[in-house]
Amino acid sequence: MRQTKNTQGACAAPADREIERDARHQCTCCGRTLPLTEFYVNARTGRHDSRCKECRRESSRRQRTKDVMDCRTTGRRRYPVITETADPVLRMALIRRALRTVEEKKRVLKMKNDK
Ligand SMILES: [Zn+2]
């Protein structure tokens, strides 16, 4: 006998959607209980985010600001820049890697154009 899959959540019946419109969810960040429309839905899992849209936006904003701050305060980048690298050995390694990347890109573009 064939077993029926549990379709709960994945494809809600119209009646379930009606219920979902009135459903509320508590944000794990600010603790407010808000309608589900105030939560983003994870495209991969189809489930609502644990943090509300407002908290999610604030978190993203802080993260972006932090990244910029780290770069400015330490004066260091997250990646080495050839023209800012004093060590000649590292500098040459970076140049070689950059050349390989350019050659690879040229090769891929040529293959695309030859098709
Ligand atoms: Zn929140």
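The protein chain contains three helices and two strands, which follow one another along the sequence in the pattern α-β-β-α-α. The model is a predicted one, and the mean pLDDT of the protein chain is 80, with 73% of its residues at 70 or more. Where pLDDT is low, the predicted coordinates should not be read in detail.

Burial and contact range were then considered for the protein chain. Of its 115 residues, 2% count as buried. Among contacts with a separation of 6 or more, 14% are accounted for by residues 24 or more positions apart.

Helix α3 (88-114) comprises 27 residues and spans 39 Å from its first C-alpha to its last, close to the 39 Å expected at 1.5 Å a residue. The number of buried residues among the 27 of α3 is zero, so this helix lies largely in the open.

The loop between α2 (53-74) and α3 holds Thr85, and Pro80 is placed in the loop between α2 and α3 as well. Thr85 has 15 other C-beta atoms within 10 Å and is therefore partly exposed, given that a residue is buried at 20 or more such atoms and exposed at 12 or fewer. Pro80 also counts as partly exposed, because it has 14 C-beta neighbours inside 10 Å. Beyond four places in sequence, Thr85 touches Pro80, Leu90, Arg91 and Leu94. With the same exclusion of sequence neighbours, Pro80 is in contact with Thr85, Leu90 and Leu94.

Ser50 counts as partly exposed because 14 C-beta neighbours lie inside 10 Å. Its C-alpha atom is separated by 7.6 Å from that of Phe39, a residue 11 residues apart from Ser50 along the chain.

Conventions. Residues numbered from 1 in each chain as written. Predicted model: local features only at pLDDT ≥ 70, side-chain atom pairs only at ≥ 80, totals over all residues. pLDDT = per-residue confidence, 0-100. Helix = DSSP H or I, 4+ residues; strand = E, 2+ residues; numbered from the N terminus. Contact = placed C-beta atoms within 7 Å. Expected span 1.5 Å × (residues − 1).
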